[in-house]
Amino acid sequence: MQIHNNTLIAECSAYDFKEMLERKKVKSWLKSVSAFANTDGGSLFYGVNDDGVIVGLENPQADADFISEMIKARLDPVPEVQLIPIEREGHSLLEVKVKAGTLTPYYYYQDGTRTAYMRIGNESVECNSQQLLSLVLKGTHMTWDSLPTQVDASKHSFVILANTFREQTHHEWNDKYLESFGLVTSEGKLTNAGLLFVDNCTVFQSRIFCTRWTGFYKDDAISSVEHRANLVLLLKYGMDFIKNYTMSGWVKMPNYRLNLPDYSDRAIFEGLVNHLIHRDYTMMGGEVHIDIYDDRVELVSPGAMLDGTQIQDRDIYKVPSMRRNPVIADMFTQLDYMEKRGSGLRKMRELTEKLPNFLQGKEPQYQTEATSFYTTFYNLNWGDNGRIPVEEVANRVNSTLEKYPENEESSVETAKVRWKSSVEKFGGNSKSSVKTFGDTQESSEIIPKGSEKKFGDSKNKSKSIGKTTQKIIDFVISDPSMSAEAMAYKIGISSRAVEKHISKLRSMGILSREGADHGGYWRIIVNPQTEQ
């Protein structure tokens, strides 16, 4: 709290101002005590009006005695409270400092009814059923995903989880992991998290709704599908839908192919993992939504920030890791789908910024509402006038494209460019199509008019880097955080061989490493002639 010109300056979420003590309307201020204890703590300042101007109290000691008496009589359990007298500019104030409680929920009790409150912004509001359940779990030091069910684990299988574990970690699965990961209790019962990972998941709210919309708004849908399955399959189905309805283009550089995707695959993957892990599973009828528009992809899930703050008001680089579903989060960590340090929001932005066609202002954005969390990814190849022309994209990623002679008398500055979607024209045909970037007419390449030679068909043609090295470049663009070991596994060669190809790319000035070797990012140097 700060005081300036006899006025209190404070954050509304942590402080409440009361000009005087209302003895006949105790609920008006006791609900704030309940809300502070149920949320992150806070203070009520008596002797301060709504504008923060200090007016003082006539008898702060009598007021303190009455406040203490009412807290003991009307709140259950009794929260930890400090009554602090303050003297300022000849005025007597009273601060009622409420500590964040560990025995939640803290109820206000009157006429046989018990009501719990939470702090939302500058208001103390009555808890709904989902918030009350969260407080109950918090008070018992339990989370929803860790609660045991009455379902026998022996009646269910985890084949999909086991196979995914082997594929992701390259280690054998052991059924003993089920208990150590918190999916099965020592008595052989599934936990709520276990129910979400069994092969035949029957949890009603374990669903995703996927929609490709026409244009920029929820108007006409080109395609819409609902999936209800375990969390491993939901992640796969969601990513498959996104890949089917987004573009992936490329430009031919002198000796390699440079991919120019609309979005970072790994960033969207991190986003979808984030929404599946941190959503509020106590909200019946809630599900994760994937909405694809011409210029963006939006992910929406039930459940706002766990601490009640608004993510749009926070610095994402300073948001601490708070897990609503720690068992689910740990399982995804074991599958190597996320990092333990809980840096997903930051990583999504960094992965997007590493794309060669990234534009400032198109970083992923996050927003919370009362009961929802939104993540928005912006199409890097979309501008104010629609899909950006291929020339602009090419010039953006390499402002000094090499000139390749068309004949002995003239040369043309050009580049071979393609883009493709696995669903032709966003329709129902799953057959792949190849089209000019930014056009709907089918074409395989852009070639100077009147020329019978393709890009690079001159005697000055640079030597290709090779298929394996090209795969490494593709991996780096798809996921700049991918390790050499992971690349080796995907390609089917040794880590030593991958390191040799990486060394080659580094010596050619095409590839560099940013940050520490562990946790750093690969970076494609688009124009090595102009970069150090």
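Two strands are said to pair if DSSP finds at least two bridges between them. With four bridges, strand 8 meets that condition with strand 9 (residues 113–120), and the two run antiparallel. Everything described here belongs to a predicted model.

**Overall picture**

The protein chain has 532 residues, of which 49% count as buried, and its secondary structure comes to 14 helices and 28 strands. Its accessible surface is about 26700 Å², with 47% of that area belonging to carbon and sulfur atoms. Among contacts between residues at least 6 apart in sequence, 64% join residues at least 24 apart.

**Confidence**

The mean pLDDT of the chain is 82, and 82% of its residues reach 70 or more. Over residues 422–460, however, pLDDT stays under 50, although the model has 83 contacts beyond four places in sequence for this stretch. A further stretch with pLDDT below 50 covers residues 528–532, which have six contacts beyond near neighbours in sequence. Where pLDDT is low, the predicted coordinates should not be read in detail.

**Antiparallel strand pairs**

| Strand | Partner strand | Bridges |
|---|---|---|
| strand 4 (residues 42–46) | strand 7 (residues 91–98) | five |
| strand 5 (residues 75–76) | strand 8 (residues 107–110) | two |
| strand 13 (residues 207–213) | strand 14 | seven |

Strand 8 and strand 9 form a hairpin with two residues between them, and D111 in the turn has a positive phi of about 50°. Y107 has A116 in strand 9 as its bridge partner, while Y108 in strand 8 stands opposite L75.

Six strands form another open sheet, in the order 14-13-17-18-20-19 and with mixed pairing. Strand 14 (221–228) and strand 19 (365–368) are its edge strands, and each pairs on one side only. From one strand to the next, the twist averages 15°. T211 stands opposite S224 in strand 14. Helix 7 packs on the sheet, where it touches strand 13, strand 14 and strand 17 (288–292), and its direction makes about 0° with that of strand 13. Helix 10 (residues 344–353) also packs on this sheet, touching strand 19 and strand 20 (372–378), with its direction at about 150° to that of strand 19.

In soluble globular proteins, nonpolar side chains tend to be buried together. Here the largest nonpolar core has 65 residues, and those with the most contacts inside it are L161, L183, F197, L235, I328 and F332. Helix 7 (residues 231–244) gives the most to this core, with eight residues. Leaving aside neighbours within four places in sequence, I328 is in contact with D145, A193, L196, F197, L231, I277 and Y281. A second, separate core has 30 residues, including Y256, L260, I465 and V498.

Note on methods. Residues numbered from 1 in each chain as written. Predicted model: local features only at pLDDT ≥ 70, side-chain atom pairs only at ≥ 80, totals over all residues. Heavy atoms only, no water. Core = buried A, V, L, I, M, F, W, Y, C linked by side-chain atoms within 4.5 Å. Buried < 20%, exposed > 50% of the residue type's maximum accessible area, 1.4 Å probe, protein only. Contact = heavy atoms within 4.5 Å. pLDDT = per-residue confidence, 0-100. Areas by Shrake-Rupley, 256 points an atom, 1.4 Å probe, with all protein chains shown as cover. Axes fitted to C-alpha atoms, helices over the stretch in contact; angles between N-to-C directions.
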